[in-house]
Amino acid sequence: MDAHRTDIHEKWLERISLENCLKLPFFHYRRNMQQQKIEFYRHNINEEDIVAVCNVLRSQFLTTGPVVAEFEHKFASWLGIPESVAVSSCTGAMHLALLRHGVGPGDEVITTPLTFVATSTAIMECGAKPVFVDVCHKCGMITPESISYAITPRTKCIIPVHLYGRMADMKGFAEIAAKHQIALIEDSAHCIEGMRDGVVPGQLSNAACFSFYATKNITCGEGGAIGCKSSQDAAWYRSARHHGIDKNAIERHDTSFQHWDMFFLGWKYNMSDIQASLMINQIERMSQYRDIRENKESIYRAMLDDIEGLEFMEKPEPGEKSAYHLFTVLLPKNVNRDIIAEQMKQKGIGCTVNYRSVHTLSYFVKTFGYRPEDFPIAYEIGCRSLTLPLYVTLSDDNITYICDTLKDIISSHRGI
Ligand SMILES: *Cc1c(COP(=O)(O)O)cnc(C)c1O
């Protein structure tokens, strides 16, 4: 290489030096990101939880074993119900609970359209039909009064969904279920920490199904549990989550040589010790976290109170305890929710929609021929709702920024 070319080469090398490479994108980042970045959700996994997982990883046993059993015991006693069975998801939990209570092809199960699709897909996995009833406009949930007209001789079960953290009227549902001798299963994915009329999830129903999916109040990424009162039910769930086999891996590991046998056609819905180890310490922090989210929700409500046409979901009744899982508002009728959601995203704020009513989703339109107006309140909430970030590490400054941004966006979009 001649001297000139070497010189150019060196200058070029200098320009692409690591330091300069870092400077350029950083500069752009600073220029473009004058706003904050606020995730929709942040989990609260701490060092103690990580150590617990590492302890399992260093042990011999990785799948369903002693740590799952410990988790089940702690979870049930925290709730104050006799039994809990850990499974791989809330969807799997609902599927097993429906099967346990005899739901099969040709049966009808009454539920809400304002929920995640899993409530309906679990029903359809059993070969049964989800029968939707429109929701109450104040709380977004089905009520005991509203479901009575939907009960037919084919109705086998009711699945109320505890929405955004508030509990459905379990006392009322339990009365109807007893009167018609049908099963009652709770979709409790949003509500572990709730209480209504002195009743907690799992207390009045045949089964309460919980989710530990990545964005839930306590999480192991993917996981679920069934809470129930009957030890026979719990034993059936423990077998059903594992192929319908009578002995699980730990029982075979810890005893003398034995054959296992399979008694019925089960599923593969078990939780591993790795997942359970992540959950155990979170149970102890649950109440404290709930109280923090309650406080954050009240800050939100105060700050958003002056937006004309924006509506809140009804607050819990005095004496009632919400789990404060999601903070969902109904945007004013004269703005376009999807545009607002996109603008919030552009401002660095993670928002979601909980939920577009299930009866409006393509598969359900195609399969059952629903029209939006069949369940007008669920449809309207599905069109107007926006869920804002709500979690323990969300700061008061974050909430101020979110509320100011939402106000700005709404005022510049009215009438679009
Ligand atoms: C998350 C969620 C589910 C599904 O939970 P998985 O554990 O992911 O199966 C069901 N119902 C509702 C209301 C949910 O929010």
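Predicted model: local features only at pLDDT ≥ 70, side-chain atom pairs only at ≥ 80, totals over all residues.

Visitor: Which residues line the second largest cavity?

Guide: They are Phe40, Tyr41, Thr215, Asn217, His325, Leu326, Leu388 and Leu390. The space inside comes to about 60 Å³.

Visitor: How do you find empty space in the first place?

Guide: You roll a probe the size of a water molecule over the atoms, and that shows where empty space is left. Searching this whole structure that way turns up four cavities of 30 Å³ or more. In the largest cavity there is about 160 Å³ of space. Tyr164, Glu297, Arg301, Met313 and Glu314 sit closest to its centre, out of 15 lining residues.

Visitor: What classes of residue make up the lining of the largest cavity?

Guide: Eight are nonpolar, two polar and five charged. Helix H11 (273-304) and strand E9 (327-330) each contribute at least two residues to that lining.

Visitor: And what volume does the largest pocket have?

Guide: About 450 Å³. It has 24 lining residues, and Phe116, Ser211, Tyr213, Thr215 and Lys216 are the closest to its centre. Thr215 also turns up in the lining of the second largest cavity.

Visitor: Which helix gives the largest share of the pocket lining?

Guide: Helix H5 (residues 90-100), with three residues.

Visitor: Now the sheet. How should I read one?

Guide: Strands of a sheet pair through backbone hydrogen bonds, either parallel or antiparallel. Here you have an open sheet of seven strands with mixed pairing, in the order E1-E7-E6-E5-E4-E2-E3. On average, neighbouring strands are turned by 25° against each other, ignoring direction.

Visitor: In which sense do strands E4 and E5 pair?

Guide: Parallel: E4 (residues 155-159) and E5 (residues 183-187) are joined over two bridges. Look for Ile158, whose bridge partner in E5 is Leu184.

Visitor: Which strands does H5 lie across?

Guide: H5 lies across E1, strand E2 (108-111), E4, E5, strand E6 (207-211) and strand E7 (224-228), and runs at about 165° to E6. Helix H9 (residues 231-240) packs on the sheet too, touching E1, E6 and E7, and its direction makes about 10° with that of E1.

Definitions and conventions:
Residues numbered from 1 in each chain as written. Heavy atoms only, no water. 1 Å grid on protein atoms, 1.4 Å probe; cavity = no way out; pocket = protein on both sides within 12 Å on 5 of 7 lines; lining within 4 Å. Points joined across faces, edges and corners; volume = space filled by probe spheres on them. Helix = DSSP H or I, 4+ residues; strand = E, 2+ residues; numbered from the N terminus. Pairing = 2+ DSSP bridges. Axes fitted to C-alpha atoms, helices over the stretch in contact; angles between N-to-C directions. Contact = heavy atoms within 4.5 Å. Nonpolar A, V, L, I, M, F, W, Y, C, P; charged D, E, K, R; others polar.
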